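Hi everyone, thanks for coming. Let me put the structure up on the screen, and then we can walk through it together.

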Amino acid sequence: MGMKKFFVGVKAIIHDERGVLFLRDPRMVDLPGGRIDDSESFDQALRREISEELPGTEVISVGELLGASRLSFDIKEDTGLVLLFFRVVAKVPEQIILSDEHEEYIWVKSVKDIPETGVNDEARRIITSILN
């Protein structure tokens, strides 16, 4: 059995007076972010992903690492994914513009409003601690 490869993904926990921002695509609800490309730093990858997924949103700062998680399934044969969750301060416009990847956004203000499905356990833990 060969050694498994892993991609690293970065996810943004954007929290302001409206709540924590989630994005919905046709398959699931997720946090903004994605995989790191080539030689990008975590900060560069988050800034690129947010600019792609949320045009018009200005990233003020990429803050502390809040948690990490390995997906329980492979994203392709012999390739796993590790997600890193960062606190991100961003200026999100009132009228949010979404990329073609997503069909809606959701502001979650309380723990009871965290979507039941599609939210990673580590993301749920982090967001619960932020909202409590």
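Starting at the N terminus, the elements of the protein come in the order β-β-β-β-α-β-β-β-α. That makes two helices and seven strands. Please keep in mind that this is a predicted model.

How big is it? The C-alpha trace spans about 50 × 30 × 30 Å along its principal axes. For 132 residues, a compact globule would have a radius of gyration near 14 Å, and the protein agrees, with 14 Å. Of those 132 residues, 46% count as buried.

Now let's look at helix α2, residues 121-131.

Which residues of α2 are buried? They are Glu 122, Ala 123, Ile 126, Ile 127, Ile 130 and Leu 131. Looking down the helix axis, these buried residues fall within an arc of 160°, so they line one face of α2. And what covers them? The cover includes β1 (5-16), β2 (19-24), β5 (58-70), β6 (79-91) and β7 (104-108).

Is Ile 126 buried or exposed? Its relative accessible area is 2%, and buried means under 20%, so Ile 126 is buried. Leaving aside residues up to four places away in sequence, Ile 126 touches Ile 13, Leu 66, Gly 67 and Phe 85.

Happy to go back to any of these views!

Technical notes:
Residues numbered from 1 in each chain as written. Predicted model: local features only at pLDDT ≥ 70, side-chain atom pairs only at ≥ 80, totals over all residues. Heavy atoms only, no water. Helix = DSSP H or I, 4+ residues; strand = E, 2+ residues; numbered from the N terminus. Buried < 20%, exposed > 50% of the residue type's maximum accessible area, 1.4 Å probe, protein only. Contact = heavy atoms within 4.5 Å. Arc of directions from axis to C-beta. Rg over C-alpha atoms; globule rule 2.2 N^0.38 Å.
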